[in-house]
Amino acid sequence: MIQKLSKEQMKFIFDNHMINDFPKSELKPWKKIEAGLENDTYFAYGMYENNELLAYAFFIKSSKYEIMDAYFSCIYKQNNLQELKNIAVNNNKELILEVENPDYEDNLSNKENMIKRIQFYKKNHMNVSNVSCNFMDNEYKILFSSDNKTDKDIRELTENVYRDFFGDKLVYNDVIFHK
């Protein structure tokens with residue numbers, strides 16, 4: 001069962017899962033997430049089975065798009081991501097994912113894991129754009145859910161999400177789009 005998470009559930013997942021599931025450099029501070037909750041620009045879903053967390057997804061949103069800020073499947077099941085994608089699509093939103101870009105990774109083991117993650121998303125009908133960026137010293141590929149967006153559209157949507165959530169100054173100083 002997928003459910004929208006409360007602030008308390010999100011904080012529990014942040015403290016008990018996200019800090020272990022993601023590199024520190026990729027995590028937004030809880031205070032930034034909390035501010036997004038108060039401004040209605042941040043939300044999350046959890047997938048549970050028998051009260052066990054199977055997957056979670058944290059999102060940044062605006063009126064035109066939703067960017068999946070953090071997704072982790074505790075038990076990799078293909079339908080976990082597909083159900084989350086359907087929520088965005090059914091609300092007429094574009095779902096955008098940032099994934100670690102293996103093109104910039106030197107460690108072979110890390111690179112293989114990044115490639116597997118991208119393959120997982122592709123199996124779940126996410127499209128890989130040619131857009132990539134360096135965001136606060138992390139290299140990302142940008143994936144998206146619809147079938148009718150160009151790379152130009154995806155870059156613009158991604159940049160707009162960053163500007164809306166982080167502000168123009170941070171984007172100007174800390175984001176470099178490669179395409």
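Me: How many helices and strands does the protein have, and what makes a run count as one?
Reply: The protein has 6 helices and 8 strands. From the N terminus, the order is β-α-α-β-β-β-α-β-α-β-β-α-α-β. This is a predicted model, in which local features need pLDDT of at least 70, side-chain atom pairs need pLDDT 80 or more, and totals for chains, interfaces and linings use all residues. Residues are numbered from 1 along each chain as its sequence is written, and side-chain values use heavy atoms, without hydrogens or water.

Me: What share of the protein counts as buried?
Reply: Of its 179 residues, 46% are buried. The term means under 20% relative accessible area; exposed means over 50%, and partly exposed lies in between (1.4 Å probe, protein chains only). The accessible surface of the protein is about 9,700 Å², with 45% belonging to carbon and sulfur atoms.

Me: What share of the contacts joins residues at least 24 apart?
Reply: The share is 57%, among contacts between residues at least 6 apart in sequence. A contact here means heavy atoms within 4.5 Å.

Me: Where is the kink in helix α1 centred?
Reply: On F14, in a helix that covers residues 7-21. The kink is about 45 degrees. That bend is the angle between axes fitted to the seven residues ending there and the seven starting there.

Me: Why is the pair of Y42 and F58 called edge-to-face?
Reply: The centres are 6.2 Å apart, so the rings pair; the planes stand at 70 degrees, so the pair is edge-to-face. Y42 is in strand β2 and F58 in strand β3, 16 residues apart. Y42 has 2% relative accessibility and therefore counts as buried. F58, at 0%, is buried too.

Me: Which kind of aromatic pair do F135 and F166 form?
Reply: A tilted one, with 5.2 Å from centre to centre and 55 degrees between the planes. F135 belongs to strand β6 (residues 127-135), F166 to helix α5 (residues 151-166), 31 residues apart. Both are buried. With Y162 and F177 they form one aromatic cluster.

Me: How do you know that S129 is buried?
Reply: Its relative accessible area is 2%, under the 20% limit, so S129 counts as buried. The residue is in strand β6. Its side chain reaches the backbone oxygen of I142 at 2.6 Å. A polar atom of that side chain also lies 3.0 Å from the backbone nitrogen of V131. Beyond neighbours within four places in sequence, S129 contacts I142, F144, D151 and I154.

Me: How many salt bridges does the structure hold?
Reply: There are 7. Each needs a side-chain nitrogen of Lys or Arg within 4 Å of a carboxyl oxygen of Asp or Glu.

Me: What makes D15 and K11 a salt bridge?
Reply: Their closest N and O atoms are 3.0 Å apart, which is within 4 Å, so the pair qualifies. Both lie in helix α1, 4 residues apart, about one turn. D15 is partly exposed at 33%, and K11 is partly exposed at 31%.

Me: Which residues does the network around R163 join?
Reply: R163 meets E159 at 2.7 Å, N to O. These two are 4 residues apart in helix α5, about one helical turn. R163 also bridges to D168 at 3.2 Å. Salt bridges with shared partners join R155, E159, R163 and D168 into one network. E159 is buried at 16%, whereas R163 at 28% is partly exposed. D168, at 48%, is partly exposed as well.

Notes
Accessible areas come from the Shrake-Rupley method with a 1.4 Å probe; for residues, only the protein chains shown count as cover. Rings of Phe, Tyr and Trp (its six-membered ring) pair if their centres lie within 6.5 Å; planes under 30 degrees apart count as stacked, over 60 as edge-to-face and the rest as tilted. A polar contact is a pair of N or O atoms within 3.5 Å; within protein, one must be able to donate a hydrogen and the other to accept it, and residues adjacent in sequence count only if both atoms are side-chain atoms.
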